[in-house]
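Please look over the structure shown below before reading on.

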6 protein chains.
Amino acid sequence: MTGGRFMAMDSPLEGSEIAVFGAPFDATSSFRPGSRFAPGEMRSHFAALEEYSPALGRSLRDRRICDMGDLAIAPSDVRGMQAAVAGAVNAVMDAGSRPLMIGGEHLVTLPAVRAIMDRMSGRRTGLGRMSGDPPDAGLAVVHLDAHSDLRDEYMGCRESHACVMRRVWEVVGDGRIRQFGIRSGDASEYVWNVGNRHVFQTADGLGGFGEMAEALGGVPVYLSIDLDVFDPSALPGTGTPEPGGITYNDFRAALPHLRRLNVAAADIVELSPHHDPSGASTILACKVLRELLLCM
Amino acid sequence: MTGGRFMAMDSPLEGSEIAVFGAPFDATSSFRPGSRFAPGEMRSHFAALEEYSPALGRSLRDRRICDMGDLAIAPSDVRGMQAAVAGAVNAVMDAGSRPLMIGGEHLVTLPAVRAIMDRMSGRRTGLGRMSGDPPDAGLAVVHLDAHSDLRDEYMGCRESHACVMRRVWEVVGDGRIRQFGIRSGDASEYVWNVGNRHVFQTADGLGGFGEMAEALGGVPVYLSIDLDVFDPSALPGTGTPEPGGITYNDFRAALPHLRRLNVAAADIVELSPHHDPSGASTILACKVLRELLLCM
Amino acid sequence: MTGGRFMAMDSPLEGSEIAVFGAPFDATSSFRPGSRFAPGEMRSHFAALEEYSPALGRSLRDRRICDMGDLAIAPSDVRGMQAAVAGAVNAVMDAGSRPLMIGGEHLVTLPAVRAIMDRMSGRRTGLGRMSGDPPDAGLAVVHLDAHSDLRDEYMGCRESHACVMRRVWEVVGDGRIRQFGIRSGDASEYVWNVGNRHVFQTADGLGGFGEMAEALGGVPVYLSIDLDVFDPSALPGTGTPEPGGITYNDFRAALPHLRRLNVAAADIVELSPHHDPSGASTILACKVLRELLLCM
Amino acid sequence: MTGGRFMAMDSPLEGSEIAVFGAPFDATSSFRPGSRFAPGEMRSHFAALEEYSPALGRSLRDRRICDMGDLAIAPSDVRGMQAAVAGAVNAVMDAGSRPLMIGGEHLVTLPAVRAIMDRMSGRRTGLGRMSGDPPDAGLAVVHLDAHSDLRDEYMGCRESHACVMRRVWEVVGDGRIRQFGIRSGDASEYVWNVGNRHVFQTADGLGGFGEMAEALGGVPVYLSIDLDVFDPSALPGTGTPEPGGITYNDFRAALPHLRRLNVAAADIVELSPHHDPSGASTILACKVLRELLLCM
Amino acid sequence: MTGGRFMAMDSPLEGSEIAVFGAPFDATSSFRPGSRFAPGEMRSHFAALEEYSPALGRSLRDRRICDMGDLAIAPSDVRGMQAAVAGAVNAVMDAGSRPLMIGGEHLVTLPAVRAIMDRMSGRRTGLGRMSGDPPDAGLAVVHLDAHSDLRDEYMGCRESHACVMRRVWEVVGDGRIRQFGIRSGDASEYVWNVGNRHVFQTADGLGGFGEMAEALGGVPVYLSIDLDVFDPSALPGTGTPEPGGITYNDFRAALPHLRRLNVAAADIVELSPHHDPSGASTILACKVLRELLLCM
Amino acid sequence: MTGGRFMAMDSPLEGSEIAVFGAPFDATSSFRPGSRFAPGEMRSHFAALEEYSPALGRSLRDRRICDMGDLAIAPSDVRGMQAAVAGAVNAVMDAGSRPLMIGGEHLVTLPAVRAIMDRMSGRRTGLGRMSGDPPDAGLAVVHLDAHSDLRDEYMGCRESHACVMRRVWEVVGDGRIRQFGIRSGDASEYVWNVGNRHVFQTADGLGGFGEMAEALGGVPVYLSIDLDVFDPSALPGTGTPEPGGITYNDFRAALPHLRRLNVAAADIVELSPHHDPSGASTILACKVLRELLLCM
């Protein structure tokens, strides 16, 4: 008898390979809020899938995965959310596991990247680098999204899902972020990044994903999947759907490349279940999660 | 950090006053199936309510309640469902707690009543009466519903949600069942029960509920709430909505009477969340659950 | 094996007591069109109800009812709709049966009333009064609705659902129309009818329905039920929901009075199933239909 | 040719009697966000109603009402929202008109009350009391809601829709707030207000509303209508539906009393259109708005 | 005047080329039940399509098709369903026509295949082979699906939609089943069928469909289309949507090959209309049905 | 503060390059009406998009666009609609701007084309050709749609969305209409146009669009986009969805060719927002509108 845990994710944190947690926060959503409900809905829909992935020839039963549940976050508390996410990421890495965060909106990525960079640089108060920390070689950020999220501010706010990759860039620096699927942005974002001078970006879906994966080699990667990278036909249930995205089969074709990445941490964000009356978006999110868990 | 348990129901089974479990089964639904999703959706919506009930002046925090999760039941396995429900009821009562089952459709009531009657009569294999068992005075069944569920068979099936109270009557006998809110039935059901010769029944909502509660005194009661007793305006999300039911305020007015009942076990059945696009039905079901827990 | 006929309405037209037909037309809907889908959806939901009515102690199986199917009407063809409805009403009455039309929007009432008035006055070309026709005493129109529908024109159109009772009044004359449940109208409608000089009207739900029924005695009645007479909590699925209406229990309480009416013909209009995602509106419409059939 | 303004609200601000504006903000919503979409959806549904109210015998055409459109508010900017609302309230009152704000969630009430209190006490920088300001007698707050909103903090936040009336109480003081329809709260809220020592509160719907209105006499009133005061059967489309509320007919019965109030400013908050798939909640909100405009 | 029959399918059974019937059964659905509503909803949506197919250059008007309506099946009666389907298949074939069954869930395929195999082997009680029966050469099963349905049991049940092709394999034997579009299964299913030793299977959508059709030549084929072979973007309204499926244009491209098959019987299963709020899934199912009828 | 105008379309008509107006009319819809709500819903969803188009490298801020609001049209008034549309087209062209009409259903195209042809031929009463009028070279009609709309009549009506291109052909003559994406029609339409003798038509999505654009050179074009040219996976929210259409990426690939057209006037029709519960169809329609505005 169990209720309310991701199917087949029943390892304790200590000893787990991957630890999943939800970050139910959507305060900065600029169009349709509601991504706070994503972790709960994904847990209840996950059982529609098999534990086994034919595409990867692996089963969740072969992995040691911990479902830590959801973080407690006050609805409008941008600062509190960042503390909670950073705390969870550190707890997972202290236990020698790897975090996979389920948003919530995209701003949740920022404290996760910051926490990992702090660990890599030994900046955590009272701590040197620990054995569970990623190596020195720096952190690459691989980012799938419809929107570049490179605005400097949105309606006067700098900590917004619309600015999250600009903030991440301030943390990781030039040349560390690779963006795929981007097809929307403010003119200012394109001007700032003209010639990809700060961030590598392609408008051509997952084109070049294999070459990127090969080039990265063993560099530790933070993988952030904003689900609106998918076309709204495949995933209407998101805050700001943007026509022109990838299909699930495009994503599946990238799995062998994704497998080659050295994923230190990951997130899946921006599912908005209340805008998904057929449930198909939530199921797609679940399948992305399963395949990602089996690739990591 | 927690995910997927009813808010404030975190006692262990041993030592709990009440144990809640889900019975996600809907195979015999005659119109719209889907009540299997009720326990999960109720858990995710329960947090929309406070733990405190102003109507009762009590809080869930003051009770020791165990959420046992959901039973594992194969979709079409009528027999397996009955074994699983009986097993859960016995486990709860063996632990000295009282069961509160969340359906699923109404047929789940049958094995629960049978299990309790078996305990009361000492029929459980290898067991005498145990300390957690209800006393000898017999079991009364208090039944809120739109439909009398007294058919002898439905399309050739005798074990169907449409026949469940006829089957229960076979177990508990004449004069033990009190039905409220009934406003629909086959002509044969009315003929069989003419003059309330087998079952007490009223078509007038919860009219007479107080007198009934007083008359029952301390007799152990199995309370079965088919949520379609509510008018479809209040609860559209059910398998067979039937116009003409009670409002939530009617239910609230009956709470003082409900509190006087000696409820040995209870169930709340027939919520169908996929037919409740606004979520209001699920929230009403949650409020009924909270008030019932605080009354028991 | 059957598909797509109202449950238990399988009599041939000749010899039937009542003949049901659909008029799937919604061209003049001023807010949300879609009532064209009402007859089809009502057929598919009707099986959620029993054939037997406890409130009336009667079963559909005891009546001889013919389901004639739906009229073929081009979407925007106001004139064609009127010819089709008049043709169907005449066909039913020629067969000695009574018509019960399911809209569609409210304008479908106009040609039905006209056809009956023509028969009563012997105006049908080439025909004297026939044996199936209502007697000389004139036709009373009993009208349940949220809106008085007494505008002389709506945006320049005189044949509109918003003007239908004004047009009916032109046919039946002063003092023949009784309106119940009215709670919305243009100022001009109230001025025109000040002191109920043309049409009897009450804003108090079904208040006075019993007295009205008694006063009418055996006068033949055309009964028109615009389902938006119900409060949107009970029936959200209609073109122009108007808060403040009756509940189903209010309607049920009026059934004994309704039974006393000499209903020569009736309609149930303005269900809009695409605005009824829970299905509860359609089921309420079906129950109104069942009780009306058993009262006629 | 017009698009996107409330029907019949086309007066310029100067010279208007009432000025309507939207405050599309929902960052502190604790369960289901989405009330930011309320002003837009209400504008598009308003045309389903007539301009004339039979209940009041008045038409919007007889009033001079200005629709100022919506405030520009960044999604998570609690401070910016407060500045924008205060600015709009002041602009309206400077023009000699009265503000009617459409939320958004309930926190928008706080800056509106603060702005008015500042004007009444002459605290506005560089300004004495102006001719458009309410008189000295103090401000009464009349509050319709399901939730008392009297928490001191919610998950660590003090500026939350769940705490708004506690904050308002800090501004207006003991004995100035009258709450109707309250049926939910944390135990701490009831303890704090035991014996109604700070805030007058009734759990009995709109019971006593008439006496309250009489007692207030000509005192300037801030009227705040949280639409979840209505039962979820009437209004499912809100952030935290709470069964047991009032019907529209209860509200209509209070209109004569509401007319007697000296309403200096008002708001209608917490409609969440994305949780209202039938549209009925939005239409009820529109009717509340129309009647309120005609009462002020 | 007609209501409730598939447009243009009005031939009597005797003399028809194809006979369509519905099998409204969904008791073994493992995730979202509701496919029982598919035949009814498809009838009501079918009129959105033309009778003529430009892709095939043919019209339904040129075929003699009988709509037999729906089978009467008790909701949980697995055995009764099998008897009813077998009876219908035999009735159709006795009349010299070919059955096209509309599910319902996938288990309905099993009794249909069994009935045909019984006819081919002369096993029907009291009957030799009849003139309407398929020839001796054996029966090939062509199966489009997302799931292989080759489990030996599902939660203890062997007669489940999740096991249907394993059961069919027991009837038709090795090498007779061709599966297309398969992208999900339990690990045990892949182990059992490793090297396609029992069943031919491809994960590559409809890749190889043309070659398969050519290879089959004139062998009689049972064609089973589980609509979840389509990607959830095209068909969200199914019990267990599985991302990664075919598009409608993929299906259209296979029509010339499908035309070459000697289809003795067919089914279209697993549409779940209540999970299809836009109606697009039902319309796609209707178009598949039309093209299949014109290909057979 | 603004409410209810398309973002960034705030130029006055005089001096604008393009003028957008809504034609909320859906009386002849043959399956699901509701396109009258398209202009309003598109305005409220448009803000989900950026003003800048990366695909085109242009921003709406660089164009002078006027949003004229919606035409006032009585629901069933086919004639009145035509007068209103013609009036608006003439007003726009008199002001030296170009009209972009948002339907409503497809019949709104007819009066727009007629008005332009009248101007080109100097037929407007009392007027010669004006400076804003298209040149003499004739008008080409480029038509994207799932349905050819070439019927001579539909259920007896000649002015229907199902006949609109036949009517347009009567105005512009042989060889002036180019249709793309067509995949549905009555047999009679295909017979009438066999060999493309009247109208150029391709069933292959946007295949050949580039060649067509090149061939047209500078000829003035009326561009009519019936949104059901898109596959229902991308755009379920339309009156008569037809599987087998184009994706958004197909449309995007045609933008460079679209840019080469000399578009004198355009329309976007047949979005039905009430059949689009996820909102994704409306957002796709908005993106088509943005790109079209930036191409014109």
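**Charged pairs and a nonpolar core**

In chain E, the side chains of E:Asp152 and E:Arg166 form a salt bridge in which the closest N and O atoms are 3.9 Å apart. This pair links distant parts of the chain, since E:Asp152 sits in the loop between strand 6 (140-144) and helix 4 (164-172) of chain E while E:Arg166 belongs to helix 4 of chain E, 14 residues apart. The model is a predicted one, and the values given here are to be read with that in mind. As for how the two partners lie, E:Asp152 is partly exposed, with a relative accessible area of 30%, whereas E:Arg166 is buried, with a relative accessible area of 12%.

F:Asp152 counts as partly exposed at 32% relative accessibility, and F:Arg166 is buried, with a relative accessible area of 12%.

In chain A, a network of salt bridges links A:Asp152, A:Arg158, A:Arg166, A:Arg167 and A:Glu170. Side chains of opposite charge can pair when their charged atoms come close. Over all chains, the structure holds 102 salt bridges.

One of these is in chain B, where the side chains of B:Asp10 and B:Arg61 meet in a salt bridge at 3.8 Å, N to O. B:Asp10 lies in the segment before strand 1 (18-23) of chain B, and B:Arg61 lies in the loop between strand 3 (58-59) and strand 4 (65-70) of chain B, so the pair ties together parts that are 51 residues apart in sequence. B:Asp10 is partly exposed, with a relative accessible area of 48%, and B:Arg61 also counts as partly exposed, at 48% relative accessibility.

From charged pairs we turn to nonpolar residues. The largest nonpolar core has 57 residues, and those with the most contacts inside it are D:Leu100, D:Phe209, D:Leu223, D:Phe230 and D:Leu289. Helix 8 (residues 280-295) of chain D gives the most to this core, with 10 residues. Leaving aside residues up to four places away in sequence, D:Leu289 touches D:Phe6, D:Met9, D:Met42, D:Phe46, D:Leu100, D:Ile102 and D:Ile268.

Key. Residues numbered from 1 in each chain as written. Chains lettered and ligands numbered in written order. Predicted model: local features only at pLDDT ≥ 70, side-chain atom pairs only at ≥ 80, totals over all residues. Heavy atoms only, no water. Salt bridge = Lys/Arg side-chain N within 4 Å of Asp/Glu carboxyl O. Helix = DSSP H or I, 4+ residues; strand = E, 2+ residues; numbered from the N terminus. Buried < 20%, exposed > 50% of the residue type's maximum accessible area, 1.4 Å probe, protein only. Core = buried A, V, L, I, M, F, W, Y, C linked by side-chain atoms within 4.5 Å. Contact = heavy atoms within 4.5 Å.
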